[in-house]
Amino acid sequence: MKISCFISSTFRDMNVERSYLSMMLFPSIRNRLFRKGIEFSWVDLRWGITDEAAEAGLVVPLCLSSIDGSDLFIGIIGDYYGTEYFGA
């Protein structure tokens, strides 16, 4: 059995939270599930979208394709909306 999780937030904020999930929490979950015969993986597109893909307008299609291929979705909401920052 395989389980895949997609992490979503704006790319400019929530880096600490996304990094914690990717570096601390998810490896622990992966190890626990592995012992039960379940393969756990996650997708964090901060590292998966090239400048060329972004310039070609492929960010949204790549994100949607990754979401479609995932079993779980984690959406993290911060202070950014689009390209504008509304925080203090």
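In what order do the 3 strands of the open sheet lie, and is their pairing parallel or antiparallel? In this predicted model, the strands of the open sheet follow the order 2-1-3, and the pairing is parallel. Strand 2 (39-43) and strand 3 (72-75) form the edges, each pairing on one side only. On average, neighbouring strands of the sheet are turned by 20° against each other, with direction ignored. In general, the strands of a sheet pair through backbone hydrogen bonds, in either the parallel or the antiparallel sense.

The pairing of strand 1 (residues 2-8) with strand 3 is parallel and comprises 4 bridges. Ser8 is found opposite Gly75 of strand 3. Ser4 is also a residue of strand 1. The relative accessible area of Ser4 is 12%, and because buried means under 20%, Ser4 is classed as buried. Beyond its neighbours within four places in sequence, Ser4 makes contact with Ser41, Val43, Gly69, Ser70, Asp71 and Leu72. Of these, Ser41 and Val43 fall within the range of strand 2 (39-43), and Leu72 falls within that of strand 3 (72-75).

Helix 1 (residues 15-34) lies across strand 1, strand 2 and strand 3. Relative to strand 2, helix 1 runs at about 165°. Met24 is located in helix 1. With a relative accessibility of 52%, Met24 counts as exposed, since the exposed class begins over 50%. Together with Tyr20, Met23 and Leu25, Met24 forms a nonpolar patch on the surface. The accessible area of this patch is about 450 Å² in total.

For the protein as a whole, 3 helices and 5 strands were assigned. Along the sequence, these elements follow the pattern β-α-β-α-α-β-β-β. The protein has 88 residues, of which 27% are buried. Among contacts between residues at least 6 apart in sequence, 68% join residues at least 24 apart.

Note on methods. Residues are numbered from 1 along each chain as its sequence is written. This is a predicted model: local features need pLDDT of at least 70, side-chain atom pairs count only at pLDDT 80 or more; totals for chains, interfaces and linings use all residues. Side-chain values use heavy atoms; hydrogens and water are left out. Two strands pair if DSSP finds at least two bridges between them. Helices (H or I, at least four residues) and strands (E, at least two) are DSSP runs, numbered from the N terminus. Axes are lines fitted to C-alpha atoms, for helices over the stretch in contact, and angles run from 0 to 180 degrees between N-to-C directions. Contact means heavy atoms within 4.5 Å. Buried means under 20% relative accessible area, exposed over 50%, partly exposed in between (1.4 Å probe, protein chains only). Patches are made of residues with over 30% relative accessible area and no salt bridge: like charges are joined within 9 Å, nonpolar side chains (Val, Leu, Ile, Met, Phe, Trp, Tyr) within 5 Å. Accessible areas come from the Shrake-Rupley method with a 1.4 Å probe; for residues, only the protein chains shown count as cover. A salt bridge is a side-chain nitrogen of Lys or Arg within 4 Å of a carboxyl oxygen of Asp or Glu.
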